[in-house]
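The points are numbered and can be read in any order.

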Amino acid sequence: MRRTVQGIVLREINYKEADKILTVLTREEGKLTLKARGCRRKNSRLLASSQLLVYSELAITQRGEFITLAEGDPLTQFRRLGEDIDKLALASYFAEVTEKTVQEGEVCPDILSLLLNCLYALSKLDLPESQVKAVFELRAACLSGYTPDLTGCHVCGSQTPERFDLSAGMLECRNCRSPESNGIRMPVPPSVLEAMRYICYCDSKKLFSFQAGEDTLQQLSEVTEAYLATQLERGFSTLDFYKSLLI
């Protein structure tokens with residue numbers, strides 16, 4: 001059966017002499033694993049659409065459980081990411097997080113839109129990388145079912161708590177910490193908390209419509225990174241590589 005979907009390549013594995021096994025997040029059918037035969041040949045009609053982070057219209061065929069990429073028409077290639085190793089590494093981190101958090105066949109258009117918007121922001125908008133990174137991490141956590149409670153201290157209700165519990169996803173004041181609790185806390189100054197609330201609760205079309213100073217964005221990025229890693233209970237090799245470039 002032949003059908004058409006739109007999707008972005010999250011992962012590519014070279015296979016045999018000229019093939020690839022692709023992990024693609026599609027709008028219509030969620031995450032799919034595709035075989036792209038001959039796509040590594042220079043004259044292959046699948047060459048562009050089988051590249052990492054390329055968003056394409058894909059014609060696929062299926063026989064049993066095996067899905068094959070028959071044709072591909074690139075829609076967005078984010079070419080500028082390839083010109084900046086830091087941005088390319090960060091974009092690869094976004095792709096790895098997406099690939100690891102979405103289940104095979106799970107339809108999740110909101111996560112696909114988030115990924116595409118963040119890739120667009122990296123390649124087209126003049127925004128700090130720390131801001132785009134924080135937006136992706138915290139919003140991805142929310143869309144994966146880990147929306148934190150940022151309304152106030154979970155003990156006394158104060159609107160100006162000083163800490164964020166990474167495990168519980170809740171805020172608390174310094175003096176409200178329970179002696180029995182051994183979760184990891186990170187400081188959240190008012191400017192960081194304001195940005196976190198905005199990212200969690202704003203309309204998806206306005207994710208990048210906020211401004212913050214460099215120090216705030218750096219602290220925000222550290223908190224969102226730690227929160228996502230804590231909730232997913234794993235690290236990411238692409239993030240390690242990205243951070244190694246910043247040293």
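**Notes on the model**

1. Leu53 sits in the loop between strand 3 and strand 4 (55-63); helices (H or I, at least four residues) and strands (E, at least two) are DSSP runs, numbered from the N terminus. This is a predicted model, in which local features need pLDDT of at least 70 and side-chain atom pairs count only at pLDDT 80 or more, while totals for chains, interfaces and linings use all residues. Residues are numbered from 1 along each chain as its sequence is written, and side-chain values use heavy atoms, with hydrogens and water left out. Leu53 has a phi near 70°, a positive value in a residue other than glycine. With a relative accessible area of 4%, Leu53 is buried (buried means under 20% relative accessible area, exposed over 50%, partly exposed in between, with a 1.4 Å probe and protein chains only).

2. Glu233 also has a positive phi in a residue other than glycine, here near 55°. Its place is the loop between helix 5 and helix 6 (237-245). Buried or exposed? Glu233 counts as exposed, at 71% relative accessibility.

3. Strand 1 (residues 2-15) and strand 2 run antiparallel and are joined by eight bridges; two strands pair if DSSP finds at least two bridges between them. Within this pair, Asn14 has Lys20 of strand 2 as its bridge partner. The hairpin of strand 1 and strand 2 has three residues between the strands, and Lys16 takes a positive phi near 55° there.

4. Strand 2 (residues 19-26) also pairs with strand 3 (residues 30-36), in the antiparallel sense and over seven bridges. Opposite Ile21 stands Lys35 in strand 3. The link from strand 2 to strand 3 is a hairpin of three residues. Strand 2 is mostly covered, with seven of its eight residues buried.

5. Thr4 belongs to strand 1. Its relative accessible area is 48%, so Thr4 is partly exposed. Which residues does Thr4 contact, leaving aside its neighbours within four places in sequence? They are Glu57, Leu58 and Ala59, where contact means heavy atoms within 4.5 Å. Thr4 and Glu57 are 53 residues apart in sequence, and their C-alpha atoms are 6.9 Å apart in space.

6. Helix 1 (residues 85-101) and helix 2 (residues 109-124) have axes that come within 10 Å and cross at roughly 175°. Axes are lines fitted to C-alpha atoms, for helices over the stretch in contact, and angles run from 0 to 180 degrees between N-to-C directions. Helix 1 and helix 2 are therefore roughly antiparallel to each other (angles under 35 degrees count as roughly parallel, over 145 as roughly antiparallel, 65 to 115 as roughly perpendicular and the rest as oblique). Helix 1 contributes Lys87, Leu90, Ala91, Phe94, Ala95 and Thr98 to the contact, and helix 2 contributes Ile111, Leu115, Cys118, Leu119 and Leu122. By class, the residues of this contact are nine nonpolar, one polar and one charged; Ala, Val, Leu, Ile, Met, Phe, Trp, Tyr, Cys and Pro count as nonpolar, Asp, Glu, Lys and Arg as charged, and the others, Gly among them, as polar.

7. Helix 3 (residues 129-143) packs with helix 5 (residues 214-232) at an angle of about 30°, their axes 8 Å apart. The two helices, helix 3 and helix 5, are therefore roughly parallel to each other. Helix 3 passes helix 5 in a left-handed crossing (left-handed if the near helix is turned anticlockwise from the far one by less than a right angle, right-handed if clockwise). Residues of the contact include Ser130, Ala134 and Leu138 of helix 3 and Leu217, Ser221 and Leu228 of helix 5. The contact of helix 3 with helix 5 has seven nonpolar, four polar and three charged residues.

8. Ser130 of helix 3 is buried, with a relative accessible area of 18%. Not counting residues up to four places away in sequence, Ser130 touches Leu217 and Ser221.

9. Helix 4 (residues 190-201) and helix 5 cross at roughly 60°, and their axes come within 9 Å. Helix 4 and helix 5 are therefore oblique to each other. Their crossing, with helix 4 passing helix 5, is right-handed. Ser191, Val192, Ala195, Met196 and Ile199 in helix 4 meet Thr216, Gln219, Leu220 and Val223 in helix 5. The contact of helix 4 with helix 5 divides into six nonpolar, three polar and no charged residues.
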